[in-house]
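Visitor: Could you walk me through this structure, one question at a time?
Guide: Gladly, let's look at it together.

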Amino acid sequence: MLISKTKSPYLALLLATMFGFVMGVASSGIADEADEPKELSKVEAAADEKSDSKQEAKPESKPEPSEDDSQPHELSTAPLDYPIYPEDRPMWVDQPDKIGDDWAELVVQSVPSLSADSSRESLLQQQKIALIAYIDQALGFPGAGEKIAVPAEQIASGLVDPDRTYNGKLTTSTGEMFQHASVLVLDDDFHSEITQQWQALEVGQRLKGLGVLAALALVGLSGLTVLLKSISPRSKVGHDDKTALA
């Protein structure tokens with residue numbers, strides 16, 4: 001080496017000292033670099049920031065319903081009008097009709113009215129409507145109920161159950177109103193009566209039809225007779241003319 005080749009011992013010692021100093025400085029620099037932490041790259045730094053933000057972020061909690069939400073709120077519009085009936089209103093007024101093969105019990109109510117007289121008139125009209133519908137169904141001929149007349153006196157005295165009649169009041173938004181109700185009892189006698197009336201109507205309609213046919217036949221026969229009379233003199237005159245020429 002260079003130190004061994006140097007002839008002067010002093011020069012060799014100087015060179016050895018300088019070489020050792022240089023090597024010591026170099027080794028200390030390498031050790032410092034090893035001890036210093038390496039700087040993170042931009043990508044790794046961004047990833048660390050995202051992970052920290054996820055850990056710090058808390059899930060949003062839903063608002064708990066308050067006590068006011070569980071309680072019912074008042075309607076913005078007024079409720080529909082509904083009647084308020086008295087406590088003494090009988091239960092049969094709201095029961096459905098009972099209809100058998102040749103009998104029936106029809107519950108009829110009047111339309112709520114401002115006066116008692118109007119309510120009674122409404123009840124009579126509703127009774128007639130109920131009877132027309134029942135007669136159509138019982139006889140099996142639509143329109144039969146309108147042709148069979150049931151007088152109001154017969155409805156009041158013979159069909160209305162006297163133990164089941166009602167006249168009372170009800171309360172609505174417009175005030176107190178009157179209402180009447182009754183039960184029509186239609187037994188087998190009534191069924192036989194309307195059946196006989198319907199058969200009589202059918203016979204009358206058939207007789208009317210036969211009368212129309214008979215009238216048409218008479219008119220046709222009269223026309224034929226007139227036609228024959230008008231033809232007969234002409235044939236006689238022709239026969240006389242032929243005899244004279246001969």
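This is a predicted model: local features need pLDDT of at least 70, side-chain atom pairs count only at pLDDT 80 or more; totals for chains, interfaces and linings use all residues.

Visitor: Let's start with the charged pairs. How many salt bridges does the structure hold?
Guide: A salt bridge here needs a side-chain nitrogen of Lys or Arg within 4 Å of a carboxyl oxygen of Asp or Glu. Counted that way, the number of salt bridges in the structure is five.

Visitor: Which residue meets arginine 89 in a salt bridge, side chain to side chain?
Guide: The N to O distance of this pair is 3.1 Å, and the cut-off is 4 Å. The partner of arginine 89 is aspartate 94.

Visitor: Is arginine 89 buried or exposed?
Guide: Buried means under 20% relative accessible area. Arginine 89 has 11% relative accessibility, so arginine 89 counts as buried.

Visitor: How many residues apart are glutamate 105 and arginine 164?
Guide: Their side chains meet in a salt bridge, at 3.5 Å from N to O. The pair links distant parts of the chain, with glutamate 105 in strand 2 (residues 104-109) and arginine 164 in strand 3 (residues 160-172).

Visitor: Which residues are linked with arginine 164 in a network of salt bridges?
Guide: Arginine 164, which is partly exposed at a relative accessible area of 23%, also forms a salt bridge with aspartate 161, their closest N and O atoms being 2.8 Å apart. Aspartate 161 counts as buried, at 16% relative accessibility. Together with the bridge to glutamate 105, this gives a network that links arginine 164 with Glu105 and Asp161.

Visitor: Now the largest pocket. How many of its lining residues are nonpolar?
Guide: The largest pocket holds about 170 Å³ of space and is lined by 14 residues. Helix 5, helix 7 (152-159), strand 3 and strand 4 (175-186) each supply at least two residues of that lining. By class, five lining residues are polar, one is charged, and the nonpolar ones number eight.

Visitor: Which residues lie nearest the centre of the largest pocket?
Guide: Among them is Gln127, found in helix 5 (residues 116-139).

Visitor: Is glutamine 127 buried or exposed, and what does it touch beyond four places in sequence?
Guide: The limit for buried is under 20% relative accessible area. At 6% relative accessibility, glutamine 127 therefore counts as buried. Leaving out residues up to four places away in sequence, glutamine 127 touches Val108, Ile155, Val160, Ser182 and Leu184.

Terms used. Residues are numbered from 1 along each chain as its sequence is written. Side-chain values use heavy atoms; hydrogens and water are left out. Helices (H or I, at least four residues) and strands (E, at least two) are DSSP runs, numbered from the N terminus. Buried means under 20% relative accessible area, exposed over 50%, partly exposed in between (1.4 Å probe, protein chains only). Contact means heavy atoms within 4.5 Å. On a 1 Å grid over the protein atoms alone, a cavity is a set of points where a 1.4 Å probe fits but cannot get out, and a pocket is an open set with protein on both sides within 12 Å along at least five of seven lines; lining residues have an atom within 4 Å of a point. Grid points are joined across faces, edges and corners, and a volume is the space filled by probe spheres set on the points. Ala, Val, Leu, Ile, Met, Phe, Trp, Tyr, Cys and Pro count as nonpolar, Asp, Glu, Lys and Arg as charged, and the others, Gly among them, as polar.
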